[in-house]
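Have the model open while you read, and click along as the residues come up.

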Amino acid sequence: MLGQIRKAKEVGGDVVEIRLDYLKNFSPRQDLQFLVKQSPLPTLVTYRPTWEGGQYDGDEGKRLDALRLAIELGADYIDVELQVAPEFINSIQGKTSGKVKIIVSSHNYQNTPSAEELGNLVARIQATGADIVKIATTALDITDCARIFQVLTHSQVPTIGIAMAERGLISRILSAKFGSYLTFGSLEAGVASAPGQPTVKDLLDLYNFRQIGPDTKVHGVIGKPIGHSKSPHLYNAAFKSVGFNGIYLPLLVDSVKNFLTTYSSPDFVGYSYTIPHKEDGLRCCDEIDPIAQAIGAISCMIRRPTDGKLMGYNVDYLGAIAAIEEGLRASNGTTNVGSPLAGKLFVVIGAGGAGKALAYGGKEKGARVVVANRTFEKAQELASKVGGEAMTLAELENFHPEDGMILANTTSVGMKPNIDNTPLSKKALSRYSLVFDAIYTPKLTRLLREAQESGAIIVYGTEMFINQAFVQFERFTGLPAPKELIREVLVRNT
Ligand code: NAP
């Protein structure tokens, strides 16, 4: 345990919580003396009983004696459960040096009660004479965190407020914005002392926890699932590098509408949208740009500062098209202003979200669009919207009306873990001058490898991702994107 306490200091903690209930053979005087005295950080001593979600199921008197001993030996904070707090605080009255602060805590592993119930709970905790109030509830929905923020904002005494579990993550990070006395971080992933706890390293390095304050603007990526997203790495690093007072969070959202109505304050300013919420996001916008409207999905939402209205955009297509245009310009060495896609035959495989973005983008740039899709009806529907031609995947195998065609794969065929799959045979690839793949895991898909071997220029899916990140960064901050840094962060994280 002392080794871990030292590690807590190394990783950047300010205080270390010593969970006595996790010690296997605990000899109170000897162990507490050793741990409290040797700790390089201020100590918070907790001895959580099973009836409050901890590990200790022994004698109550001995448990409280150990906490009193910790005070005597110089612990900086003691956590004691609301149920026993009045009696405990009474027992130490006038017997402490005055240095120790008593945290009176209440844990709810079922849900997050109403704002009124939470208010009453805070009042009950305060009435015990607690120095610090601690409330930990369970988030069943991301909107539950809002009630914790409300408690933190209105509390008159130092308060720790946390909504546990995956859907409560933002409460642990935005605690710094709403004035929580502290937040908890684990030493390593997978060894958290409560559900949903991030690591100290993530709090400090990924979320720039020490830079978060009352004026920090909140951004994030709305999706379900969302844990795998690389976007927080990218935007938080980019915000920090230009000194922008913003945070970017993974937002595990069940209902977009509930999320937006709950977090409607001017500080919640910008979102990226991913699967499965791009269509729902569009339905929640006050204003939608024409391309997003035509595609039927948004990938980015901004709260307009002047009137708080929610503006929806689809920047996926900007990212992909810009990447393809760059590839074409680099290959023919031109820098002319017109789009090198104009007049080209542009074949899009897939008719889902990315397929629509690419097909509309191609049309915007004056290309002649062909849509091929497994479900032919969807190809037909999309092709008719962009004034193009539809075909089956089998027909695409022998499609060769002219040379110099451009191919964009927007299906997930060839994506990790099925990296040996490919949407089009190598033989058919020889007819294309440029091949783009929206997939970015792996970076070099079988399709791209075989296209390269066939002599085509290849454009990676990472370029689409990176280009749309530049655009979103500029929409979020109003500042030019730190392009090199964003590239570096993406390379480091994929
Ligand atoms: P989506 O809306 O679910 O569409 C999936 C498309 O793939 C549909 O056209 C579907 O055909 C087709 N498809 C799926 N499995 C197939 C199979 N076994 N054989 C043939 N076709 C198949 O998904 P999405 O959002 O467009 O995403 C598609 C891909 O693009 C993903 O790999 C995603 O990671 C990537 N993407 C990349 C970026 C980037 O920034 N690089 C951005 C967005 C998406 P049916 O219509 O027949 O089902």
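## A buried strand and its surroundings

Let's start at asparagine 409, which sits in strand 16, a stretch covering residues 405-409. Keep in mind that this is a predicted model. Is asparagine 409 buried or exposed? Its relative accessibility is 0%, so asparagine 409 counts as buried. Its side chain makes a polar contact with the side chain of threonine 411, at 2.8 Å. Setting aside neighbours within four places in sequence, asparagine 409 is in contact with Ile349, Pro423, Phe436, Asp437, Ala438, Ile439 and Leu447.

Leucine 407 lies in strand 16 too. With a relative accessibility of 0%, leucine 407 counts as buried because the cut-off is under 20%. If you skip residues up to four places away in sequence, leucine 407 touches Val347, Ile349, Leu424, Leu429, Tyr432, Leu434, Val435, Phe436 and Leu447. For a sense of how the chain folds back, leucine 407 and alanine 456 are 49 residues apart in sequence, yet their C-alpha atoms are 10.0 Å apart in space.

## The ligand

Which atoms of the protein come up against nitrogen or oxygen atoms of the ligand?

| Residue | Protein atom | Ligand atom | Distance |
|---|---|---|---|
| Lysine 378 | polar side-chain atom | oxygen | 3.1 Å |
| Alanine 438 | polar backbone atom | nitrogen | 2.8 Å |
| Glycine 461 | backbone N or O atom | nitrogen | 3.0 Å |

Taken alone, the ligand exposes 920 Å², and the protein buries 75% of that.

Most peptide bonds are trans, and most residues other than glycine have a negative phi. Where does this chain depart from that?

Take the peptide bonds to begin with. The bond from isoleucine 275 to proline 276 is cis, with omega near 5 degrees. Proline 276 is in the loop between strand 9 (268-273) and helix 12 (278-283). Lysine 416 and proline 417 are also joined by a cis peptide bond, with omega about 0 degrees. Proline 417 belongs to the loop that runs between strand 16 and helix 18 (426-429).

Then there's phi. Alanine 165 isn't a glycine, but it has a positive phi of about 85 degrees. You'll find alanine 165 in the loop between strand 6 (159-164) and helix 7 (169-173). Its relative accessible area is 18%, so alanine 165 is buried. Asparagine 208 isn't a glycine either, and its phi is positive at about 50 degrees. Asparagine 208 is in the loop between helix 9 (200-206) and strand 7 (217-223). With a relative accessible area of 6%, asparagine 208 is buried.

## Zooming out

How many helices and strands does the chain have? The count is 21 helices and 18 strands. Along its principal axes, the C-alpha trace spans about 90 × 45 × 40 Å. Of the 494 residues, 53% count as buried. Among contacts with a separation of 6 or more, 65% come from residues 24 or more positions apart.

As for charge, the chain has 52 positive and 52 negative charges, and their mean positions are 2 Å apart.

Technical notes: Residues are numbered from 1 along each chain as its sequence is written. This is a predicted model: local features need pLDDT of at least 70, side-chain atom pairs count only at pLDDT 80 or more; totals for chains, interfaces and linings use all residues. Side-chain values use heavy atoms; hydrogens and water are left out. Helices (H or I, at least four residues) and strands (E, at least two) are DSSP runs, numbered from the N terminus. Buried means under 20% relative accessible area, exposed over 50%, partly exposed in between (1.4 Å probe, protein chains only). Contact means heavy atoms within 4.5 Å. Lys and Arg count as positive and Asp and Glu as negative; His and the chain ends are not counted. The place of a charge is taken as NZ of Lys, CZ of Arg, CG of Asp or CD of Glu. A polar contact is a pair of N or O atoms within 3.5 Å; within protein, one must be able to donate a hydrogen and the other to accept it, and residues adjacent in sequence count only if both atoms are side-chain atoms. Accessible areas come from the Shrake-Rupley method with a 1.4 Å probe; for residues, only the protein chains shown count as cover.
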